[in-house]
Amino acid sequence: MVETITANNIVALAPMYLFRWEEPQQAYILLYPEGIVKLNETGAAILKYCDSTHTVEEIITKLSEIYTTDVSESVYKFLEVSYAKGWIRIKP
Amino acid sequence: MPKDGSELNLESLELSSGSSELTLDGLGIPMWLTLEMTYRCPLQCPWCSNPLDFDKFKNELTTEEWKKVLVDGRKMGALQLGFTGGEPMLRDDIEELVAYADELGYYTNLITSGIGLTPNRLQVLKNAGLKQIQLSIQASDRELNHKLVGVDVFDQKMAVAENIKAQGFPMVLNIPICKQNIDQTRSMLEMAERLEVEYIEFANIQYYNWALLNREEFMPSREQLVAAEEIVKEYRQRLGNKMQIYFVIPDYYDDRPKACMNGWGNIHLTIGPDGTALPCQEARVIKGLEFPNVREQSLDWIWNNSPVFNAYRGDDWMKEPCKSCDEKEDDHGGCRCQAFLLTGDATNADPVCSKSPMHNVVESCVANTASPHRVERPLVFRKKGAITTDFLDRSS
């Protein structure tokens, strides 16, 4: 069921999801019908770029500027999980 | 609404180590706030989670009192907000409260039978910032739906479902599941697909309050459950992430209890129509607890300091077999209300657990349901006068 995310896919947050910083939690959160996801720093950093303007490749480039380790595998893994859960969409 | 404590979907995604791992972490904040706006309801569902003496709760909080709850809850970090009941649309201030809550930063959910949700009110709710609607449906055809809720409302519900989608709301179709409707799993999935809902929740009835009165009549057979799960699996495979399908099994058929509410007083706070603060919607069933009220105490004190919210918090209250169980972090000993209702002591292990010395009460109930010698009984509908609680020794 998990579709493969490819480098030139443009990804966007699914319309019913709300992504924002939450002060009491000191974390980025994702809100959706009857659900809350508290994201860690890396997850939040990736989701910030899921704004229907960046390709996966561009997201990896952006994050490579922040993190010194190779982020590529983590980004793909996170996006695949996010896609399977319906948090993000691939722009046609 | 049936109790569905096992479906909270609260996750923290850890990706730092390169692997994705899902854990629960609420930091002790009441992230989930449920407002039972009223116990009045046009339906008569025989599995209703409202108290048996629902008609005695007349002094509902005013609009201003609800607003104070919203402000105080948000200050404490509440995020998800459910407007439920009874039927919340029987209040004429839902639109005003949704707008107020949206401004405060809540994710607002309306949990409704759909009755009273006119196109006009839907439009106002959309403008007020309502995020999603959970609509209950009880069958895939009019006749069975009528028989199950005591009122002929199926066509009305279908029209409401279409109006909800036309307004662009994400929608959860909530279907309380019992022996009488579980064989419609396929046709209900077809209905959900046709309506283009984002989520469908098969919420097997959990046995408290009205549902407990009707338990033996509602309990599906193991064969029915297995068949329904097969169909759900088939649809999940076919639909992928187009529609999320939740299937909450009746915990009587599990051998481990549900992590009810993710633990007592952990992330969940419910306020009843009269301002009573509850760790869950059923908590009033536990005798001997004096529930605090937002009319008398601050929400902060209620959550952090009140004896009720601390009664079964953490694991200090546990007895064996929970106390030394290596799974206690996962399921918190199950459901306190169920432990009380089935064993007479809320500090016992939830008897759904096969490690509970009283597990036989659950096993014998399941066996009785399947017995060819069982004598069928009529369903008791939730309506005033259907039963009397006058001779019960209860605190509410």
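Predicted model: local features only at pLDDT ≥ 70, side-chain atom pairs only at ≥ 80, totals over all residues.
Q: OK, and which residue is the bridge partner of A:Ala12 in β5(A)?
A: A:Ala12 has A:Asp51 as its bridge partner in that strand.

Q: What sheet do those strands belong to, and in what order do the strands come?
A: They belong to an open sheet of three strands in chain A, ordered β5-β1-β6, with antiparallel pairing. The edges are taken by β5 (51-55) and β6 (88-90) of chain A, each of which has a single partner strand, so one side of each is left without a neighbour in the sheet. On average, and with direction ignored, neighbouring strands of this sheet are turned by 30° against each other.

Q: Which helix packs on that sheet?
A: Helix α2 (residues 56-66) of chain A does, touching β1 and β5 of chain A, and its direction makes about 80° with that of β5(A).

Q: How does α2(A) sit against α3(A)?
A: Helix α3 (residues 72-85) of chain A packs with α2(A) at an angle of about 130°, and their axes are 10 Å apart. The two helices are therefore oblique to each other, and α2(A) passes α3(A) in a right-handed crossing.

Q: Which residues meet there?
A: From α2(A) there are A:Val56, A:Ile59, A:Ile60 and A:Leu63, and these meet A:Ser72, A:Val75 and A:Leu79 in α3(A). By class, the residues of this contact divide into six nonpolar, one polar and no charged.

Q: Switching to chain B, how many strands are in its open sheet?
A: Nine strands form that sheet, in the order β9-β8-β7-β6-β5-β4-β3-β10-β11, and the pairing is mixed. At the edges stand β9 (244-248) and β11 (277-278) of chain B, each with a single partner strand, so one side of each is left without a neighbour in the sheet.

Q: What about β6(B), is that strand mostly covered or mostly open?
A: Strand β6 (residues 132-136) of chain B is mostly covered, since five of its five residues are buried. B:Gln132, B:Gln134 and B:Ser136 point one way from the strand, whereas B:Ile133 and B:Leu135 point the other way, and all are buried.

Q: Which way do the strands paired with β6(B) run?
A: Strand β5 (residues 107-112) of chain B is joined to β6(B) by four bridges, and these two run parallel, with B:Asn109 standing opposite B:Gln132. Strand β7 (residues 171-177) of chain B also pairs with β6(B) in the parallel sense over four bridges, and there B:Leu135 has B:Leu173 as its bridge partner.

Q: Last topic, at what angle do α1(B) and α2(B) cross?
A: Helix α1 (residues 63-75) of chain B and helix α2 (residues 94-104) of chain B have axes that come within 10 Å and cross at roughly 20°. That makes α1(B) roughly parallel to α2(B), and the crossing is right-handed.

Q: And which side chains, by residue, make up that contact?
A: B:Thr63, B:Trp66, B:Lys67, B:Leu70, B:Val71 and B:Arg74 in α1(B) meet B:Glu96, B:Leu97, B:Tyr100, B:Ala101 and B:Leu104 in α2(B). Sorted by class, the contact has seven nonpolar, one polar and three charged residues.

How values were computed
Residues numbered from 1 in each chain as written. Chains lettered and ligands numbered in written order. Axes fitted to C-alpha atoms, helices over the stretch in contact; angles between N-to-C directions. Parallel < 35°, antiparallel > 145°, perpendicular 65-115°, else oblique. Left-handed = near helix turned anticlockwise from the far one by under 90°. Contact = placed C-beta atoms within 7 Å. Nonpolar A, V, L, I, M, F, W, Y, C, P; charged D, E, K, R; others polar. Buried ≥ 20, exposed ≤ 12 C-beta atoms within 10 Å, placed from the backbone. Pairing = 2+ DSSP bridges.
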